[in-house]
Amino acid sequence: MKAPTLSMFSRKPEIDAAPDIEAAALRSDKFRLQRESEWKRLEDILTRLEKGRLRKLSDEDVLALPTLYRMAASSLAVARETSLDSATLSYLESLVQRAWFQVYGPRQGLIAWLRKFLGGNLSRAIQEIWLDICIALFVMVAGTITGWLLVSRDQEWYYSLVPTQFADSRVPGASREVLLESLKVEDSASGMSAFAAQLFTNNAGVSILAFALGFAFGIPSLMLLVHNMAVLGAMLWLFSSQDLAWEFVAWLSVHGTTELFAILLAGAAGMHIGRKMAFPGHQSIVAAAAESGQRAAQVMIGVVLMLVFAALLEAFPRQLAGTEARAIIGVFMLIFWITYFFAFGREKKEAEI
Amino acid sequence: MSSAYLPSQIRERKARKQRLMVTPEGVSLPLTIASRGSRAGALMLDFTILSVTTITLTLILIWIAAGTFVEQEVNGLPGSGEFLFVVWSLMWFFAWNGYFMLFEMGPRGATPGKRLTGIRVASRDGGRLTPEAIVARNLLRDIELFLPLVLLLLAPSGESGAAGWAGLLWSLVFMLFPFFNKDSMRAGDLIAGTWVLDAPKQKLAATLSTEGAVAHGSSAITGAEYRFGDEELSVYGEYELQTLERVLRDGRPEALQAVAETICYKIGWNAGAGDERAFLEAFYGQLRARLETGMRFGNRKADKFS
């Protein structure tokens, strides 16, 4: 009889496993029983890691994880050659697989990732798709001109281009006063935040669509861009026909520089995937798609952030500020985005090379 | 121990879903591509969870809004109502777009639905699953699922005419994408460089050779000792051994009886009834010892046909 000691309460699974090793009739089972306690410890650590209870893990356990993982992997390799116990083999396979995901998949915290993302990764991703941005910009300008030309030739085009929610009072033949009324400064901010929230969800939905459609080799993204810009071109013609072009552009530019830039980026990101899949270079199509997809996804996170800004700008300064203030805000935002995306994060890129 | 398929056919079918990944330690790990059925199940579970949550939140917000309408203003929404509307529309957007991303970025790489069906998202190149990849694979969900579903409802009504049908056909390409590649990737997986794998979580079963007739070679009920000769053990291979292991672990009496009869017939024994478990345990122990010894010398016997 042993006197009860403190060690009785510490969890050392070897103690109860020890007598079994002798009882095992098969060599492969002896092998298993000798290592079982380590596997169980690894499993315990993994379960806690998977539940996200990283803080509750002791330093010892964290340090032991790689060693335990390697032990389990070598146990698996040995067991494959010496044991026919399929329960043990499949247990080890699933254990090593789970451990592998935790050991070789170190996760950044969301905050750490966000800091890197805003501190250069976003800018770099955007710089890398410059060609697609140029193409998308060209397409958008072409779409605007098309819209303008179509409506100036035949005013019936206005009704088929512009969605009915915009064509309330802003229709061809409307007087200067009516059009000016639609650009007027609101006198209170009531209802504006609801407007902003709706704008944001709507625009974000559209830009996600523009991105996702890029998968089909980019053509639907381009069509979406052309259509949206043709609407703009048509309205631009309408306002300029009453000599209100400057007021309209100022009214639009408050949020428009941010919003149109975001839509431009979304379309370019979608097209980037399509282009890389059509012309993968010396990579396989699947690898090219994966690489460009991850790059484009970073751009898309940036797009959603930009659209939050755009919605806030659209709801408050656009409705509450006068023409000059509107234009100044718009130009300032444009300069801000261009500087952030194209001047920022360059040094790091060169340092990496 | 007989089934409609040959053991080699069963192995082949399993291998079709398996991909080998070699860890840096040089151990090859078999990864199993998740079945399309379990992925569809996971999606339905996630959608149920999402719908129930968002609709409940909507009802709660409506209830709160109804409470604030006491101080109704003359024109437009009252300030509190407007605030609730903002909360509601942002909640809706972030719930439906963020749910999948948030959960897949977690340490298990799976949404609750995927967790319940035992699958997870993993990076196809064996690297780590980056946030960018998760964002990419989830942004495509719109055109893969929502757009086809909308068109599926719209096109047959004939309102949108031929364009509706064309749109439906086009979007079905995305919806049916997983059925036309061997890794059952959806378009989002292709873009993000990910795939969905089975994530089995197994308990370690007890050792068979520490108890019963496997350890002692004799029955606890009758005391009879079963010893098998070389020719008797040489009729079966690894596949049959592992089938026998499964039968022993399940321990269903009818199965034990049927298997014992088959083995007796095959090796020409007449063991009698009532002591099947001990007979099978003894046979299992000795067959495994024999096959494992062969393994150590480099002779493997895959199944009874080899």
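Guide: In this model, 28% of the 306 residues of chain B count as buried. The model is predicted, with local features needing pLDDT of at least 70 and side-chain atom pairs pLDDT 80 or more, while totals for chains, interfaces and linings use all residues. Residues are numbered from 1 along each chain as its sequence is written, and chains are lettered from A and ligands numbered from 1 in the order in which they are written.

Visitor: What makes S253(A) count as buried?
Guide: A residue is buried if 20 or more other C-beta atoms, placed from the backbone, lie within 10 Å of its own; with 12 or fewer it is exposed, and in between partly exposed. S253(A) has 23 C-beta neighbours inside 10 Å, so this residue is buried.

Visitor: Which residues does S253(A) touch?
Guide: Leaving out residues up to four places away in sequence, S253(A) touches R326(A), A327(A), G330(A) and V331(A). Touching, or contact, is when two C-beta atoms, placed from the backbone, lie within 7 Å. By contrast, the C-alpha atoms of S253(A) and L209(A) are separated by 23 Å.

Visitor: Where is S253(A) found?
Guide: S253(A) belongs to helix 11 of chain A. Helices (H or I, at least four residues) and strands (E, at least two) are DSSP runs, numbered from the N terminus. Of the 34 residues in helix 11 of chain A, 29 are buried, and the helix is mostly covered.

Visitor: How do you know that helix 11 of chain A has a kink?
Guide: The bend at a residue is the angle between axes fitted to the seven residues ending there and the seven starting there. In helix 11 of chain A, the kink is about 55° and is centred on S253(A). The expected span of a helix is 1.5 Å times one less than its number of residues. A straight helix of 34 residues would span 50 Å, but helix 11 of chain A spans only 41 Å between its end C-alpha atoms.

Visitor: Why does the span of helix 2 of chain A agree with what it should be?
Guide: Helix 2 (residues 27–50) of chain A has 24 residues, which at 1.5 Å a residue should span 34 Å; its end C-alpha atoms are 34 Å apart, so the two agree. Helix 2 of chain A does bend, by about 50° at R35(A). Its buried residues include W39(A), L42(A) and I45(A). G52(A), with a positive phi near 80°, follows helix 2 of chain A.

Visitor: What makes a nonpolar core?
Guide: A nonpolar core is a set of buried Ala, Val, Leu, Ile, Met, Phe, Trp, Tyr and Cys residues joined through C-beta atoms within 7 Å. The largest has 99 residues, and A234(A), L265(A) and M300(A) have the most contacts inside it. Helix 11 (residues 245–278) of chain A gives the most to this core, 17 residues. A second, separate core has 19 residues, including W39(A) and I45(A).

Visitor: Why is strand 1 of chain B called hardly covered?
Guide: The count of buried residues among the 5 residues of strand 1 (residues 18–22) of chain B is 0.

Visitor: How do you know that strand 1 of chain B pairs with strand 2 of chain B?
Guide: Two strands pair if DSSP finds at least two bridges between them. Here 5 bridges join strand 1 of chain B to strand 2 (residues 28–32) of chain B, and the strands run antiparallel. With 5 bridges found, they pair. M21(B) stands opposite L29(B).
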